[in-house]
Amino acid sequence: VLEEYAKWLGSENVPCDIINVVRNIFMRNGSFLKGELKTIGKKKAPLSGSYNIILGCPDVEKKNYSGSKRWVIRFEDLKKYPRKILEAMCNEWGIEWSETLLETTCRGVEDFYDNRVVKVSGFEMQPVYNTYEEYFSEFDRMRLMIMNAPWQKKYGYPYVEALQFTRKELQEMFSKKFRFEYLMELSEKDELYFKIESQKVMRSRLRRLRMLEIFG
């Protein structure tokens, strides 16, 4: 939706600035998955359309539109250096600095980010270092770094190139369940449905990755 608005404003010669917040892929996915499992329950398959979010695959390319400027901010940097980043934004847009910019408020009242599991306010650091071990094993995180290597590489996060492995090795690696799948306790029908959909996502992503790494 954001991209469509920016494209429309550009076509109307209306300048706008776009802010994108990016995050290490398995922390981004773990945060989503935590809320997803809480909402639908562990004994149901994830909602249709959420496989790409759980397994990664965000759009790496960020287009430029006429009259627009795009700010890409790493979630971790915003948490660690909020004053530096927010002061830079204020200087860019001619906004007078206020210490209240370092507070999480809505209409002057303290507010929270609520993912239906915990409430987070301000610039606490716990989300920066949460690797979501309950959902992703170390092996899982490596696989996510393979599937999302372009994203991880572009924004300065650890990544693993698919070309380090043969097609057979990749097939074997990605045929194994992710840790979060064991938490869902699905019916036989739902588990089959999830497996089919998730394998489609993984095969498509890996095929594209190998082509990008081979042909640049």
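**View 1. Y135, a buried tyrosine, and its ring partner Y132**. In this predicted model, Y135 has a relative accessibility of 10%, so this tyrosine counts as buried, the cut-off being under 20%. Y132 comes out at 3%, which means that Y132 is buried too. Now look at how the two rings sit: their centres are 6.2 Å apart and their planes meet at 15°. Is the pair stacked or edge-to-face? Planes under 30 degrees apart count as stacked, so Y132 and Y135 are a stacked pair.

**View 2. F178 and F180, a tilted pair**. Here the ring centres of F178 and F180 are 5.9 Å apart, with 35° between the planes.

**View 3. The cluster of F136, F178 and F180**. Bring F136 into the picture and you get one aromatic cluster, made of F136, F178 and F180.

**View 4. Arginines over phenylalanine rings**. Which ring face does R143 lie over? It's F178, with R143 at 4.0 Å from the ring centre. R141 does something along those lines with F26: R141 lies over the face of that ring, at 5.7 Å from its centre.

Methods. Residues are numbered from 1 along each chain as its sequence is written. This is a predicted model: local features need pLDDT of at least 70, side-chain atom pairs count only at pLDDT 80 or more; totals for chains, interfaces and linings use all residues. Side-chain values use heavy atoms; hydrogens and water are left out. Rings of Phe, Tyr and Trp (its six-membered ring) pair if their centres lie within 6.5 Å; planes under 30 degrees apart count as stacked, over 60 as edge-to-face and the rest as tilted. Buried means under 20% relative accessible area, exposed over 50%, partly exposed in between (1.4 Å probe, protein chains only). A charge sits over a ring if NZ of Lys or CZ of Arg is within 6 Å of the ring centre and within 35 degrees of the ring normal.
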